[in-house]
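Here are my notes on this model, as numbered points. Please read them with the structure open.

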Amino acid sequence: MLVTHLRAKVEMGRHGHLKDSPVLIVDGNASKSRALIVDRFPAAREVREGMSLAEAMSHHEDAVVLDADEPYYRQVFARVLTALQEVSNRVEGADLGMAYVRLDGLEGLYGGEEGAVSALLDAVPAFLSPRVGVADAKFPAFVAARARSGPGASQVDDDVGAFLAPHSIDLLPVSASARSEMHRFGLHTMGAVASMSRHVLADRFGPEGQRAWSLCHGIDDTPVVPLASEEPVVERISLSLHSSSIEALLVAVDALLRRAFTRPEVKGRHAGVAHLLGTAPGWPTWERSVRFKQPVNAWERAAEIVRNRLEADPPSHPVEDVTLTLADFTGQSIAQLALLKDARRDRLQRLVEADRRLRPLMGGRHALYRIAGVAPWHPVPEMRFLQTPIDPSGQDTIRPLLAPNPVDVREDAAGEPRSVCAGKRWMEVARIDDRWTIDLWWLPKPITRSYYRIDPGDGRLITLFRDCVDHRWYRQSA
């Protein structure tokens, strides 16, 4: 199964208004001067993958340039592979947009080979325009799918060599230098390679020449290596703030790891890898994979390793929703944690049990939380401290400790607070004790506020602010 131009098709779904425009997708990790094209929209016909951005722009001066969002593309293709596994339990994800599927044995389930192929095509979203090549070996099947001009399936007949003969050697899975050398020798098609002596090709090109000769004759004995069927453990959490703070991200990671390692299916098992995926509206997807040298079975040890990795290589843009995936589980045992850590864990478990007993009295809400200082110096109070439930099974989002609450305020002619509604009672403002403004225009979501510390006449001081973005009044607890 082949999805050509997967990146472009995904981006066309995201940017439908650009589908008829020349759009170039470049390697997002490279500088603009060194950026290479990884895909392009159909309107950019003269552009090919691997071309430099400067060369591509010479063909399309008005082209729109998008940074490749590789984590998201892999997410999309992972969902495709999962859908294919619903059709066959022997699916290999060979590369982004390319998968091999064993069809033998499925004829009885789908009414023959044609029915199994139809089920594969139906499993892939139509906007990806999937192509299927059917053959007795992987390479001929790939060429058959690659040769199609549109979605659907192509069957390789019994004379595999004749089918492959007219196709370019650029489809051969050998190094670019070997292909270039073959072209210089006048071997432009697979038929030309197949007509050569196997020994001559082996002498001139080494093992790659010998492999090319075999493939061009339709001989490919590489097996389909099925994807691991083990279900990973996935946990998600949302930061209530659109934040680029590494401290806030670390709090989220701790909460996710605590939650994941308390899942029943993880008990007694050791995780080999932790994968983090972060998203925020308007920003590229961010991801990090941390592979543990020794599998871990405690969230504290996993958090220590993941924290070190993130502090050394933090995200370069904000994240709002964070997904943790634990995978590569084993039953391997490791050294016991220190007695001190066991004692701390016992104390934590007692707190968790207390929270669960109190929860019915709290209307189902958590009663006990951890407080983490992420930016005590921040001018916006709700960005200084975050709270997460003590109970790791709690699915609450991470919340700011000092979140403001909407409040009704009557303004005077100057737009300043004249009276405030407390409950159902209005209180007149006796005096304004202090006033100040903050304007954090550079944040992903700019914050502009006018603050007032008022005295309602009873000796208390209340802090209010008017949000200059949504033009509403709030009461701040700090």
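1. Start with Glu-11. This residue lies in helix α1, residues 6-14. Helices here are DSSP runs of H or I with at least four residues, strands are runs of E with at least two, and both are numbered from the N terminus. Glu-11 is buried, at a relative accessible area of 2%. Buried means under 20% relative accessible area, exposed means over 50%, and partly exposed is in between, with a 1.4 Å probe and protein chains only.

2. What does Glu-11 touch, leaving aside neighbours within four places in sequence? Its contacts are Ile-25, Phe-41, Leu-66, Asp-67, Asp-69 and Tyr-73. Contact means heavy atoms within 4.5 Å.

3. On the basis of these notes: the model is predicted, local features need pLDDT of at least 70, side-chain atom pairs count only at pLDDT 80 or more, and totals for chains, interfaces and linings use all residues. Residues are numbered from 1 along each chain as its sequence is written, and side-chain values use heavy atoms, with hydrogens and water left out.

4. Now the whole chain. The protein chain holds 14 helices and 22 strands. Its radius of gyration is 30 Å, well over the 23 Å that the globule rule gives for 478 residues, so the chain is more spread out than a compact globule. The radius is taken over C-alpha atoms, and the rule is 2.2 Å times the number of residues to the power 0.38. Along the principal axes, the C-alpha trace spans about 100 × 60 × 45 Å.

5. Burial and contacts come next. Of the 478 residues, 44% are buried. Take the contacts between residues at least 6 apart in sequence: 52% of them join residues at least 24 apart.

6. Surface and charge. The protein chain exposes about 25300 Å², and carbon and sulfur atoms supply 51% of that area. Areas come from the Shrake-Rupley method with a 1.4 Å probe; for residues, only the protein chains shown count as cover. There are 59 positive and 63 negative side chains, and the centres of the two sets lie 7 Å apart. Lys and Arg count as positive, Asp and Glu as negative; His and the chain ends are not counted. Each charge is placed at NZ of Lys, CZ of Arg, CG of Asp or CD of Glu.

7. Strands pair if DSSP finds at least two bridges between them. β13 (385-389) and β14 are joined by two bridges. Leu-386 stands opposite Pro-400 in β14.

8. Look at β20, residues 447-455. Seven of its nine residues are buried, so the strand is largely enclosed by the rest of the structure. Nine bridges join β20 to antiparallel β19 (431-440), and Thr-437 stands opposite Ser-450.

9. On to β21. Six bridges join β20 to β21, again antiparallel, and Tyr-451 has Phe-465 as its bridge partner. Six residues separate the two strands of this hairpin, and Gly-457 in the turn has a positive phi of about 100°.

10. Is Val-469 buried or exposed? Val-469 counts as exposed, at 54% relative accessibility. This residue sits in the loop between β21 (462-467) and β22 (473-476). Not counting residues up to four places away in sequence, Val-469 touches Pro-446 and Thr-448. Its C-alpha atom is separated by 8.0 Å from that of Arg-449, 20 residues away along the chain.
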